[in-house]
Structure formats: structure tokens, C-alpha cells
Amino acid sequence: MRVLLVEDEVDLGLAIKQVLVSEKYVVDWVTDGDRAWEYLESQWTDYSVAIFDWLLPKLSGLELCQQMRRSHNSLPVLMLTALGQPENRIAGLDAGADDYLV
């Protein structure tokens with residue numbers, strides 16, 4: 001399985017990537033929403049799942065998810081974020097995330 005990880009905090013991104021790689025996943029890790037969109041639009045990448053942080057530079061994880069769904073991309077998305085208020089969870093799921101983890 002190939003995973004697109006979008007996390008701007010280097011220590012956290014590295015830790016998540018290391019765990020996924022140790023479980024035999026192929027991980028493309030980017031640190032901002034614009035770069036993630038480039039990866040998603042590339043004809044050379046085919047992902048099984050995407051993991052988005054909400055608070056990203058350039059294009060937030062929420063905006064990225066909304067943009068994906070508007071373009072009819074049905075890739076499963078896990079929103080992995082520190083924003084844990086009920087209204088954040090609702091907004092993330094309404095934006096098209098398939099699951100929301102705090």
C-alpha cells in the first residue's frame with residue numbers, strides 16, 4: 001500500500017513515516033498542502049490512503065480534502081490533527097475526511 005502523509009511538523013512526520021515504513025507501507029511525505037495536491041494530481045502516483053494534518057502551510061488539510069472531493073477523488077482520507085473540538089471533527093468529516101483522529 002502506498003500512503004500520502006501530509007504533516008508539517010518534522011518530528012511527528014518522521015515518526016509516523018518510520019512506523020508506517022516498518023509495517024511495509026510505501027510512504028510519500030510532504031509538508032504542505034500545495035505539494036500534497038501536486039502528488040495527488042500526478043499521473044505517476046496511486047495511493048491507497050492519505051493522512052492529512054489540518055494545520056498545514058499554504059493549503060490546509062481541510063481545504064485539501066475539500067478540493068479532493070470537488071475533483072471527485074474518492075481516496076480514503078484520515079484527518080490526523082490536534083484540533084479535537086466537536087465542531088472541528090464535524091468540519092473535517094463534512095469536508096470529506098473518512099475518519100478523524102485527534
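One aromatic pair is counted here, where rings of Phe, Tyr and Trp (its six-membered ring) pair if their centres lie within 6.5 Å. The model is predicted, so local features need pLDDT of at least 70 and side-chain atom pairs pLDDT 80 or more, while totals for chains, interfaces and linings use all residues. Residues are numbered from 1 along each chain as its sequence is written, and side-chain values use heavy atoms, with hydrogens and water left out.

**The aromatic pair**

- The ring centres of Trp54 and Tyr100 are 6.4 Å apart and their planes stand at 85 degrees, so this pair is edge-to-face (planes under 30 degrees apart count as stacked, over 60 as edge-to-face and the rest as tilted).
- Trp54 sits in the loop between strand 3 (49-52) and helix 3 (61-70) and Tyr100 in strand 5 (residues 99-101), so the pair ties together parts that are 46 residues apart in sequence.
- Helices (H or I, at least four residues) and strands (E, at least two) are DSSP runs, numbered from the N terminus.
- Trp54 and Tyr100 are both buried, where buried means under 20% relative accessible area, exposed over 50% and partly exposed in between (1.4 Å probe, protein chains only).

**Salt bridges**

- How many salt bridges does the structure hold? There are three, each being a side-chain nitrogen of Lys or Arg within 4 Å of a carboxyl oxygen of Asp or Glu.
- Asp28 forms one of them with Arg2, with the closest N and O atoms 2.9 Å apart.
- Asp28 belongs to strand 2 and Arg2 to strand 1 (residues 2-6), so this pair ties together parts that are 26 residues apart in sequence.
- Asp28 is buried, at 13% relative accessible area, whereas Arg2 is partly exposed at 29%.
- Arg35 forms a salt bridge with Glu38, and their closest N and O atoms are 2.7 Å apart.
- Arg35 and Glu38 are three residues apart in helix 2, which means that about one helical turn separates them.
- Arg35 is partly exposed with a relative accessible area of 38%, and Glu38 is partly exposed with 45%.
- Asp98 and Arg69 meet through their side chains in a salt bridge of 2.9 Å, N to O.
- That pair links distant parts of the chain, 29 residues apart: Asp98 is in the loop between helix 4 (86-94) and strand 5, and Arg69 is in helix 3.
- Arg69 is partly exposed, with a relative accessible area of 22%.

- Where is Asp32 found? Asp32 is in the loop between strand 2 (26-30) and helix 2 (33-41).
- Asp32 is buried yet has no salt bridge, and Lys58, the nearest side chain of opposite charge, is 4.0 Å away (Lys and Arg count as positive and Asp and Glu as negative; His and the chain ends are not counted).
- The side chain of Asp32 reaches the backbone nitrogen of Asp34 at 3.0 Å.
- Leaving aside residues up to four places away in sequence, Asp32 touches Val6, Pro57 and Lys58, where contact means heavy atoms within 4.5 Å.

**Strand 3 and its neighbours**

- Strand 3 is covered on both faces: Val49 and Ile51 on one side and Ala50 and Phe52 on the other are all buried.
- Strand 1 pairs with strand 3 in the parallel sense over four bridges (two strands pair if DSSP finds at least two bridges between them).
- Leu5 has Ile51 in strand 3 as its bridge partner.
- Strand 3 and strand 4 (residues 77-80) run parallel and are joined by three bridges, and the bridge partner of Ala50 in strand 4 is Val77.

Note on methods
A polar contact is a pair of N or O atoms within 3.5 Å; within protein, one must be able to donate a hydrogen and the other to accept it, and residues adjacent in sequence count only if both atoms are side-chain atoms.
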